[in-house]
Amino acid sequence: MEDWLTKVRSFIQNKGNEDESEESVIYLGRYETGRVIGVGGYAEVRIGKDLKTNKKVAIKVIKKDLSDKKMLERLEREISFLCCMDHPNIVKLYDVINKEETAILIMEFVEGETLDDFIYDMKGSCLPDYVSRFLFQKV
């Protein structure tokens, strides 16, 4: 059986094209991972479950390039920013699992459309000023 770090690396390399069978479940301490819900340039987000509270969580798996100082600084900024934020329109950071080659952020899972999806649905047009102001006032 593969160790969980090998599976995480495989998920990142395959850009979420892993099947959603029982075999793709990874246990990270008190967290269980599920299907991929988003993939970006340096990370993948999976739906997960906190086995202690039985709540849904978002599990962001970030592949660390130890030679890329800017990437590591950006990661540190993201973690420090999320740790000190308490706002209803910013996801909460519950836990950080730091490994040599990956950082795993356990975050609040939020149902619904992403901002990316909303902007994409605008069919490439610019957001009207009043929509932009509304969105940024929420943060």
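N54 counts as exposed, at 55% relative accessibility. Its phi is near 65°, a positive value in a residue other than glycine. N54 sits in the loop between β3 and β4 (55-63). The model is predicted. Its chain has 139 residues, of which 30% count as buried.

**Overall layout**

- The chain has 4 helices and 6 strands.
- Along the sequence, these elements follow the pattern α-β-β-β-β-α-β-β-α-α.
- The structure holds 4 salt bridges. Among them are D50 with R30, R46 with E44 and K60 with E78.

**Salt bridge D50 to R30**

- The closest N and O atoms of D50 and R30 are 2.5 Å apart.
- D50 is buried, with a relative accessible area of 6%.
- R30 is partly exposed, at 34%. That value lies between the limits of 20% and 50%, so R30 is assigned to the middle class.

**Salt bridge R46 to E44**

- R46 and E44 form a salt bridge, and their closest N and O atoms are 3.1 Å apart.
- The side chains of E44 and R46 also make a polar contact, listed at 3.1 Å.
- E44 is located in strand β3 (residues 43-50).
- E44 is buried, with a relative accessible area of 1%.
- R46 is buried as well, with a relative accessible area of 2%.

**Salt bridge K60 to E78**

- K60 pairs with E78, the closest N and O atoms being 2.8 Å apart.
- This pair too links distant parts of the chain: K60 is in strand β4 and E78 is in helix α2, 18 residues apart.
- K60 has 15% relative accessibility. It counts as buried because this value is under 20%.
- E78 has a relative accessible area of 17%. It is buried because this value, too, is under 20%.

**Negative surface patch**

- Which residues gather in a patch of negative charge on the surface? They are E113, D116, D117 and D121.
- D117 is found in helix α3 (residues 115-121).
- D117 counts as partly exposed, at 40% relative accessibility.

**Helix α2 and the F81 pair**

- F81 is found in helix α2 (residues 69-84).
- Is F81 buried or partly exposed? F81 counts as partly exposed, at 44% relative accessibility.
- F81 and L93 are 12 residues apart along the chain. Their C-alpha atoms are separated by 9.5 Å.
- Helix α2 also carries E78, the partner of K60.

**Points to locate in the viewer**

- E44 is buried at 1%, and D50 is buried at 6%.
- In the loop between β3 and β4, find N54. Its positive phi, near 65°, is the feature to check there.
- In helix α2, find F81 and E78. F81 is partly exposed, whereas E78 is buried.
- In helix α3, find D117, one of the residues in the negative patch.

Notes: Residues are numbered from 1 along each chain as its sequence is written. This is a predicted model: local features need pLDDT of at least 70, side-chain atom pairs count only at pLDDT 80 or more; totals for chains, interfaces and linings use all residues. Side-chain values use heavy atoms; hydrogens and water are left out. Helices (H or I, at least four residues) and strands (E, at least two) are DSSP runs, numbered from the N terminus. Buried means under 20% relative accessible area, exposed over 50%, partly exposed in between (1.4 Å probe, protein chains only). A polar contact is a pair of N or O atoms within 3.5 Å; within protein, one must be able to donate a hydrogen and the other to accept it, and residues adjacent in sequence count only if both atoms are side-chain atoms. Patches are made of residues with over 30% relative accessible area and no salt bridge: like charges are joined within 9 Å, nonpolar side chains (Val, Leu, Ile, Met, Phe, Trp, Tyr) within 5 Å. Accessible areas come from the Shrake-Rupley method with a 1.4 Å probe; for residues, only the protein chains shown count as cover. A salt bridge is a side-chain nitrogen of Lys or Arg within 4 Å of a carboxyl oxygen of Asp or Glu. Lys and Arg count as positive and Asp and Glu as negative; His and the chain ends are not counted. The place of a charge is taken as NZ of Lys, CZ of Arg, CG of Asp or CD of Glu.
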